[in-house]
Amino acid sequence: MRTPGLLLDLDGTLFIGTDWIPGARQALARLQRRGHRAVYVSNTLDWPEDIAARLNDAGLPTPTDDIVHVPRVLIDYLQQHHPGAAVYVIGERSLIDQMRPHVRLSADPEEIDVVVASADLAFDFSKLTVAFLALRRGARLIATNTDATWPGPSGLVPDTGAILGAIEGCTGRRQEVVVGKPSRWMAQAALRRLGLPPEKVWVVGDSLATDVRMGKENGMTAALVLTGVTSRADLSGANPQPDHVLESFADLPDLLASLQDT
Ligand SMILES: [Mg+2]
């Protein structure tokens with residue numbers, strides 16, 4: 001195995017909040033010097049420019065297009081599968097602002113073709129009613145992710161699962177497509193950017209449900225790091241299992257070097 005490409009998770013793998021995980025920055029620089037190409041794959045709704053700036057500031061030159069995140073994959077999906085559709089988005093401002101230049105947004109239930117459900121701190125009954133009326137008319141329902149909760153700075157808060165629950169409660173409808181990790185839409189977008197076949201790619205992340213699953217379901221090698229949401233105890237009975245388990249991303253260069261030497 002020669003210098004596999006890397007699909008890297010951000011939160012819990014390279015960063016905790018805005019802080020680098022100890023040794024992760026140096027490890028990433030070392031991997032890039034050795035010729036490992038890296039693309040970043042995240043369920044974040046943040047602007048990719050902000051994420052790229054964080055990497056650039058750390059001395060790791062990163063074009064914005066190397067950030068494969070939910071808004072980008074969602075826009076690609078809509079353009080490919082619902083070109084010209086009127087789209088209603090329940091979601092945070094950063095998601096809506098990133099979609100606006102590329103997708104026809106509408107809040108008119110009479111013309112909405114697609115409802116996008118995502119976490120929204122300003123979610124209320126009137127937004128639910130727009131979605132309800134549009135879905136009753138036959139609009140499609142797409143979710144950015146299905147997580148019930150999200151670990152905020154002061155503890156767990158509701159995530160997209162809560163919005164989907166409210167929609168299902170009044171329409172009986174569930175999402176037809178989920179675009180975020182571990183979806184194949186996310187995997188395909190990231191592999192296209194990397195320009196490598198899946199068998200030459202490692203996914204590295206802290207989540208069994210998203211990172212490891214996306215890797216294993218799409219023919220890649222999956223490495224789990226224990227610096228985020230997963231502890232070693234969570235591994236027993238997990239399916240699928242990661243191919244490698246690392247205490248930290250900082251350990252990845254040595255592992256890859258030892259495999260290359262054999
Ligand atoms: Mg993560």
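Predicted model: local features only at pLDDT ≥ 70, side-chain atom pairs only at ≥ 80, totals over all residues.
Okay, to start: over how many bridges do strand β1 and strand β13 pair, and in the parallel or the antiparallel sense? The answer is four bridges, in the parallel sense, with β1 covering residues 5-8 and β13 covering residues 201-205.

Now let's zoom out. The protein chain is divided into two domains: domain 1 takes 5-43 plus 181-260, and domain 2 takes 71-178. Their C-alpha centres lie 28 Å apart. Where they touch, domain 1 gives five residues and domain 2 gives six residues. On the domain 1 side of that contact you'll find three nonpolar, two polar and no charged residues.

So, on to the sheets. A quick reminder: strands of a sheet pair through backbone hydrogen bonds, and they can do that either parallel or antiparallel. The β1 and β13 pair we opened with belongs to an open sheet of six strands, and if you walk across you meet β5, β4, β1, β13, β14 and β15, in that order. The pairing there is parallel. At the edges sit β5 (67-69) and β15 (244-246), each of them pairing on one side only. From one strand to the next, the twist averages 25°.

There's another open sheet, this one with five strands in the order β7-β6-β8-β9-β12, and the pairing is parallel here too. Let's look at the β7 end: β6, residues 86-90, runs parallel to β7 and is joined to it by two bridges. There, V87 stands opposite L105 of β7.

Next, what lies across β6, β8 and β9? That's helix α5, running at about 145° to β6. Helix α5 spans residues 125-136, and it packs with helix α6, residues 160-171, at an angle of about 50°, with the axes 10 Å apart. That angle is why we call α5 and α6 oblique to each other. The crossing of α5 past α6 is right-handed.

And which residues do the meeting? From α5 we have L128, A131, F132, L135 and R136, and they meet A166, I167, C170 and T171 from α6. Sorted by class, that contact has seven nonpolar residues, one polar and one charged.

Key:
Residues numbered from 1 in each chain as written. Pairing = 2+ DSSP bridges. Axes fitted to C-alpha atoms, helices over the stretch in contact; angles between N-to-C directions. Parallel < 35°, antiparallel > 145°, perpendicular 65-115°, else oblique. Left-handed = near helix turned anticlockwise from the far one by under 90°. Contact = placed C-beta atoms within 7 Å. Nonpolar A, V, L, I, M, F, W, Y, C, P; charged D, E, K, R; others polar. Domains from an automatic or database assignment.
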